[in-house]
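Please keep the sequence and the structure in view while reading.

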Amino acid sequence: MSEAVVQRLREHFGEKILESSSFRGDEEVTVDKASYAEVIRFLRDDPETAMDLFGDLTAVDWPEREGPRFDVVVFLRSIEKRHRIRVRVRVADGESVPTLTDIYAGANWAERECFDMFGIRFDGHPDLRRILLYDEFEGHPLRKDYPIDRAQPLVEYREVSDIEKLPPFGIEQGQPFARVDWEARLAGRNKQVSPSLGVHQGQRRMLSDSEIARAERERLKRETPAADAEGSSDGAK
Amino acid sequence: MEPLDEILETTNDLLELPAEPMRLVMGPSHPAMHGTIRMVLDLKGEEILDVDVQPGYLHRGFEKSCERGTWQQVFPYTDRLNYVSPILNNIGYALAVEKLCEIEVPIRGQYYRVVLGELARIADHLVSNGAASMEVGAFTPLLWLLKAREWVFDVLEAETGARVTHSFGRIGGMAMPPTPNFKENVRAILPKVLETVQEVEDLLVPNRIFMDRTQGVGGISKERALQYGLTGPCLRAAGVPYDVRKDNPYLVYDRFEFEVPIGEDGDAWDRFSVRLEEIRQSARIIEQALEQMPDSGPVSVDDPRVMLPEKNEVYTTIEATIAHFKLVMEGFKPPPGEVYSFTEAGNGELGFYIISDGSGTPYRVRVRPPCFYNLHACREMLIGGNIADIIPTFGTINMIGGECDR
């Protein structure tokens, strides 16, 4: 159904349509950057295409590709004709694309997001600033070369020891719901699972060896008041 | 200070309070902003001259996170997009990958998806309308509608094992077949839910205060709505009968009779009414789907490259063990290519633009969040209105932070 749109574009723009493809029923055209805005405007205004609904605008990063690095992809739909098309334009790193804000109002935020995530600039955009991230953020996270585990907190993360109340699980154990103190168990102090020592369960893991020993001594002292505090060592039973 | 009537005598102008433009920041820590939106308002008295809507407080890097796991591992992330109707997101993503791989889910699975999806849509609209009415001061409807949602959640919990974040979709089907009394359970709650919706309508719709707060507030024209990329109830309230289930049927939606309710002015009242009516239409779809749904048969494709093998086979046969291992460790590998698949989610057209490079990890997963565009149009709906109009406008847009900010 959407082949007609591609056909229509080819008739009207000829060489400016660089490529067209159809995959699993999705029609797509790749256009020349110079005529990109013109093609979108034509798609909206031409009665045969009548793309009145702005679908989406996003980008894809292809760092290993020869030629321009980014694809800016626009999705349009016609409510009346019930067809849709994907328009793609290739952009090199550092280049900018004409804005669509004067054609579709919805492109405003979409382009801001694109700029935010990929660092692609849009010429003539009225208000090109970050939208999902904050101004102090460095880099553009959806680029493939942005490390996925890189964090840029605005406010530094607190040291764990600053927090009074800890979750009842160890962070490193990879067992988010386990109540088992593996560190202690593997070290041979396998009786330390329960909160009977009188400290918060989760803090158990955070205590140093001498603290554990002290807590254990205190517990024994409570349970057997007559016992010699110095004589009872941790876990030796 | 002069008495008021003296001022009125001495000046011909209408009595006006001195109103210099004022900048006011609303949110993110404002109950009506759902904790995730900040609005910077330029006010002239009560009138809104300009507003800068700032999302992003719930940004978690959904699209980036998808690029590091397997294709199946995206499901839990999709749950957290529109967390009011997670099943619809699960299904939307599953359909996208299935479109890429040309997988067709067995017919029973398709009906199962329809029923669960429509239940999730009902839950979505119940919450949306309840919250919107609560924000303008009507607290009772929220409690009643949440009570109704609880019944829906009971069914979803029985089916999926979770109340909110189900992660129940799978590429090629669903995680589990329906429970034996699935149909009875759904049939038992539907009339109760509809009755509650009717009660809420009787309570709210003839209410003068509610009408005054929502009618003619936050309207948008048909043309502008399309320009902004509005979809879902917000677009239909503006008078465009665009519903993906009707216009571009997926699953088995072409087998059901249902209406697409539309409004006229695109104002808060219309959005509220459209959602109310959509609950009834969803119930209609569910009734028909339950009627047509086969009682036996698989819900997932029988394809060892896609679906995990049965657990008892994994433990007893070497083939299933290896298949399980490879699927979990490497993930299944769709053919290289890119597709855009779109479904009707609670807030509108939920699109997944997925790119595969042939490996077990998605190259790119772009979600087209309906909320993002609905919220974008919010600026235009608010300008010229009063400061109190923000609440019903924003409330009936039903911005879901998880989806908007991803």
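In this predicted model, chain A and chain B bury about 3,900 Å² between them, and carbon and sulfur atoms give 55% of that area. Three residues, A:Arg24, A:Trp109 and A:Leu132, supply 19% of the area that chain A buries against chain B, more than any other three residues. The contact involves 45 residues of chain A and 49 residues of chain B.

| Item across the interface of chain A and chain B | Value |
|---|---|
| Salt bridges | 11 salt bridges |
| Polar contacts (both residues at pLDDT 80 or more) | 27 residue pairs |

The side of chain A that touches chain B receives at least two residues from each of β2 (26–31), β3 (53–61), β4 (70–77), β5 (84–91) and α3 (107–118) of chain A. The largest share, 9 residues, comes from β3(A). By residue class, this side of chain A consists of 25 nonpolar, 4 polar and 16 charged residues. In one salt bridge, the side chain of A:Asp56 meets that of B:Arg366 at 2.7 Å, N to O.

Attention now turns to a helix of chain A. Which residues of helix α1 (residues 3–13) of chain A are buried? They are A:Val5, A:Val6, A:Arg8, A:Leu9 and A:Phe13. These residues lie on the same side of α1(A) because they cover an arc of only 160 degrees around the axis. They pack against β1 (17–23), β2, α2 (36–45) and β5 of chain A. After α1(A) comes A:Gly14, which has a positive phi, near 60 degrees.

Terms used: Residues numbered from 1 in each chain as written. Chains lettered and ligands numbered in written order. Predicted model: local features only at pLDDT ≥ 70, side-chain atom pairs only at ≥ 80, totals over all residues. Heavy atoms only, no water. Contact = heavy atoms within 4.5 Å. Buried area = accessible area lost by both parts, 1.4 Å probe. Salt bridge = Lys/Arg side-chain N within 4 Å of Asp/Glu carboxyl O. Polar contact = N/O pair within 3.5 Å; in protein donor to acceptor, adjacent residues only side chain to side chain. Helix = DSSP H or I, 4+ residues; strand = E, 2+ residues; numbered from the N terminus. Nonpolar A, V, L, I, M, F, W, Y, C, P; charged D, E, K, R; others polar. Buried < 20%, exposed > 50% of the residue type's maximum accessible area, 1.4 Å probe, protein only. Arc of directions from axis to C-beta.
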